[in-house]
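Here is a briefing on one protein model.

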Amino acid sequence: MNNKMKSTICGFRPLALLGALLLLGAINPAHAIVPTVVLPNSAGTTEGDSNNSYPFDLGQAGLISQRYQQLYAASQFGGGGLITQIVFRPDAFAGHAFTSTLSDIQIDLAYTSAPDDGLSTTFANNITAGDTVVFARGPLTLSSAFTGPPNGPKDFDIIITLTTPFFYNPALGNLLLDVHNYGGGSTTFFDAVSPLGDGVSRVFNSDVNSGTGNTDSEGLVTGFVIVPEPSSAAMLLVGGGTLLAWFGGCRRRQRH
């Protein structure tokens with residue numbers, strides 16, 4: 001009886017837990033998720049007052065490329081941490097389900113000293129510090145199942161998992177999303193907001209290589225998945241290592 005119980009504890013449960021962790025790592029990133037924070041905060045559970053196709057649905061506007069920067073006010077982040085995913089939701093009225101691979105995209109995150117609704121028309125002037133390529137240039141597959149209430153807001157299921165996470169500290173400035181879309185492509189209309197002073201604004205140009213663009217108060221409703229402390233990821237790795245060591249130890253005890 002005791003040997004059987006030990007076999008259950010030291011064999012099945014660690015194996016099941018290890019399998020669960022591996023399964024979590026393999027979950028389809030296209031599933032809807034709940035972001036850590038939504039900007040603007042006012043749109044967290046409310047459909048935005050607008051919709052927009054920039055910068056991931058250029059086919060709607062007949063464009064083949066675009067440089068796009070969007071500002072997020074630091075005051076709307078509850079705290080800092082490691083940004084691992086950027087997520088969007090389709091517009092409830094103009095959006096639709098889709099799966100599409102955009103051929104040539106690069107995404108950067110950086111700090112900006114520009115205020116909300118005060119971005120420079122010169123792209124370079126908006127990058128203050130910490131410019132990091134968070135999605136390495138190449139194809140980007142996006143999708144949405146277009147789930148959620150009929151009148152919105154729809155679920156956050158347009159997910160970009162960063163190839164290089166970005167540590168963001170709101171005390172150092174506003175956050176700047178900088179998208180280079182070199183190949184156009186079609187997806188869906190995204191939920192967006194347009195009021196002045198709402199915490200998001202943008203600058204854009206249909207020529208991806210242009211140094212300047214047009215500014216306005218529009219912005220995509222955006223969710224961020226943030227690990228509160230960089231050490232949290234390390235803790236997960238340590239925990240996984242501990243689990244593997246424990247599992248291996250149980251196997252060794254079974255052989256004696």
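pLDDT is the predictor's confidence in each residue, from 0 to 100. This is a predicted model, in which local features need pLDDT of at least 70 and side-chain atom pairs count only at pLDDT 80 or more, while totals for chains, interfaces and linings use all residues. Residues are numbered from 1 along each chain as its sequence is written, and side-chain values use heavy atoms, with hydrogens and water left out.

**Confidence**

- The protein has a mean pLDDT of 85, and 77% of its residues reach 70 or more.
- Over residues 1-30, pLDDT stays under 50. The model has 23 contacts beyond four places in sequence for this stretch; contact means heavy atoms within 4.5 Å.
- Over residues 232-256, pLDDT also stays under 50. Here the model has 18 contacts beyond four places in sequence.

**Six-stranded sheet**

- Six strands form an open sheet in the order β6-β5-β8-β3-β10-β11, with antiparallel pairing. Strands (E, at least two residues) are DSSP runs, numbered from the N terminus. Two strands pair if DSSP finds at least two bridges between them.
- The edges are β6 (129-144) and β11 (214-216). Each has a single partner strand, so one side of each is left without a neighbour in the sheet.
- On average, neighbouring strands of this sheet are turned by 20° against each other, direction ignored. The axes behind such angles are lines fitted to C-alpha atoms; angles run from 0 to 180 degrees between N-to-C directions.
- Strand β5 (residues 98-112) runs antiparallel to β8, and eight bridges join the two. Thr-112 has Asn-174 in β8 as its bridge partner.

**Three-stranded sheet**

- A second open sheet has the order β2-β9-β12, again with antiparallel pairing.
- At its edges stand β2 (50-52) and β12 (219-220). Each has a single partner strand, so one side of each is left without a neighbour in the sheet.
- Two bridges join β9 to β12. Ala-192 stands opposite Leu-220 in β12.

**Aromatic pairs**

- The whole structure holds nine aromatic pairs. Rings of Phe, Tyr and Trp (its six-membered ring) pair if their centres lie within 6.5 Å; planes under 30 degrees apart count as stacked, over 60 as edge-to-face and the rest as tilted.
- Tyr-72 and Phe-224 have ring centres 5.0 Å apart and planes at 85°, so the pair is edge-to-face. Tyr-72 lies in β3 (residues 66-72) and Phe-224 in β13 (residues 222-227), so the pair ties together parts 152 residues apart in sequence.
- Tyr-72 is buried at 0% relative accessible area, and Phe-224 is buried at 0%. Buried means under 20%, exposed over 50%, partly exposed in between (1.4 Å probe, protein chains only).
- Phe-88 and Phe-190 have ring centres 5.6 Å apart and planes at 70°, so this pair is edge-to-face. Phe-88 lies in β4 (residues 81-88) and Phe-190 in β9, so the pair ties together parts 102 residues apart in sequence.
- One aromatic cluster is formed by Tyr-72, Phe-77, Tyr-111, Phe-166, Tyr-168 and Phe-224.

**Charges over rings**

- A charge sits over a ring if NZ of Lys or CZ of Arg is within 6 Å of the ring centre and within 35 degrees of the ring normal.
- Arg-67 has its charged end over the ring of Phe-123, 4.6 Å from the centre.
- Arg-137 has its charged end over the ring of Tyr-182, 3.6 Å from the centre.

**Thr-187**

- Thr-187 lies in the loop between β8 (174-181) and β9 (190-193). Its relative accessible area is 4%, so Thr-187 is buried.
- Beyond neighbours within four places in sequence, Thr-187 has contacts including Phe-56, His-96 and Leu-142.

Notes
Helices (H or I, at least four residues) and strands (E, at least two) are DSSP runs, numbered from the N terminus.
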